[in-house]
Amino acid sequence: MIIFFYGEDDYRLKSAVKKLKEKFISASLGDTNLSIIDGKTAEYNNINRQIMAMPFLSKTRLVIIENLISSGNKLVQEKVGEMLAKVPNTTVLLFTESKPDKRTALYKKLIKAEKVQEFLFLDEGKIKSWIKREVENRGGTIEADAVQMLFEYVGNDLWRLTNEIDKLTAYGSPLTAEKVELLVKSQVESDIFK
């Protein structure tokens with residue numbers, strides 16, 4: 001099975017990869033059958049060896065190749081592209097890219113993979129729903145005006161939003177606009193002189 005996760009929203013991309021890894025590790029013998037390869041520095045022989053290896057005391061192994069398309073190494077990309085048809089049934093092969101070059105041959109092959117998911121930045125409405133859901137996941141509640149203010153202060157940076165939500169929920173629930181104003185520094189203030 002070949003999976004391709006890509007997109008500029010690296011928070012949701014990394015979260016999806018983390019969930020897949022956790023699911024695989026819990027179903028397998030820990031991380032024995034897990035390989036993570038940095039595509040920017042990897043050589044083809046190492047990639048080939050990891051993909052073709054048989055799983056140890058398990059039905060499958062998971063091989064994650066990160067940022068191979070953006071590595072700029074056309075020779076390795078070409079060889080990996082040719083090898084995709086030979087991936088054994090015992091290997092789940094996951095490619096991740098934050099900003100892939102859509103003109104490459106490898107990208108054009110991966111976009112036709114069995115499972116492809118693009119992670120685009122969320123729009124304002126989805127971010128506000130995400131904020132509310134994240135606060136509830138941490139056992140807190142948040143008022144609508146606090147959601148609006150948090151969005152205005154932080155924007156669509158899910159990494160920073162996660163940190164701010166952690167800080168706010170640690171301070172105490174329910175989260176109000178006053179607490180957001182007290183604890184969250186507005187990004188607008190730091191960008192005002194640009």
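In what order do the five strands of the open sheet stand? In this predicted model, the order is β2-β3-β4-β1-β5, and the pairing is parallel. The edges are taken by β2 (34-38) and β5 (115-118); each has a single partner strand, so one side of each is left without a neighbour in the sheet. From one strand to the next, the twist averages 15 degrees.

Helix α2 (residues 44-52) lies across β2, β3 and β4, and runs at about 155 degrees to β3.

The packing of side chains comes next. In soluble globular proteins, nonpolar side chains tend to be buried together. The largest nonpolar core of the model holds 23 residues, and Ile-47, Ile-65, Leu-93 and Phe-95 have the most contacts inside it. Two or more residues of this core come from each of β1 (2-6), α2, β3, α3 (74-83), β4 and α4 (105-110). Leaving aside residues up to four places away in sequence, Ile-47 touches Ile-37, Ala-42, Ile-65, Leu-68, Val-76 and Val-80. Another core, of 22 residues, lies apart from the largest one and includes Trp-130, Val-135, Tyr-153 and Val-154.

Helices also meet one another. Helix α1 (residues 10-27) packs against helix α7 (residues 158-171) at an angle of about 75 degrees, and their axes are 8 Å apart. This angle makes α1 roughly perpendicular to α7. On the α1 side the contact is made by Asp-10, Tyr-11, Arg-12 and Lys-14, and on the α7 side by Leu-158, Trp-159 and Thr-162.

Finally, some backbone details deserve a look. Most residues other than glycine have a negative phi, and most peptide bonds are trans. Leu-57, in the loop between α2 and β3, has a positive phi, near 50 degrees. Leu-57 counts as exposed because its relative accessibility is 67%, against a cut-off of over 50%. Asn-67, in the loop between β3 and α3, likewise has a positive phi, of about 55 degrees. The peptide bond from Ser-173 to Pro-174 is cis, with omega near 0 degrees, and Pro-174 sits in the loop between α7 and α8 (177-183).

How values were computed:
Residues are numbered from 1 along each chain as its sequence is written. This is a predicted model: local features need pLDDT of at least 70, side-chain atom pairs count only at pLDDT 80 or more; totals for chains, interfaces and linings use all residues. Side-chain values use heavy atoms; hydrogens and water are left out. Two strands pair if DSSP finds at least two bridges between them. Helices (H or I, at least four residues) and strands (E, at least two) are DSSP runs, numbered from the N terminus. Axes are lines fitted to C-alpha atoms, for helices over the stretch in contact, and angles run from 0 to 180 degrees between N-to-C directions. Contact means heavy atoms within 4.5 Å. A nonpolar core is a set of buried Ala, Val, Leu, Ile, Met, Phe, Trp, Tyr and Cys residues joined through side-chain atoms within 4.5 Å. Buried means under 20% relative accessible area, exposed over 50%, partly exposed in between (1.4 Å probe, protein chains only). Angles under 35 degrees count as roughly parallel, over 145 as roughly antiparallel, 65 to 115 as roughly perpendicular and the rest as oblique.
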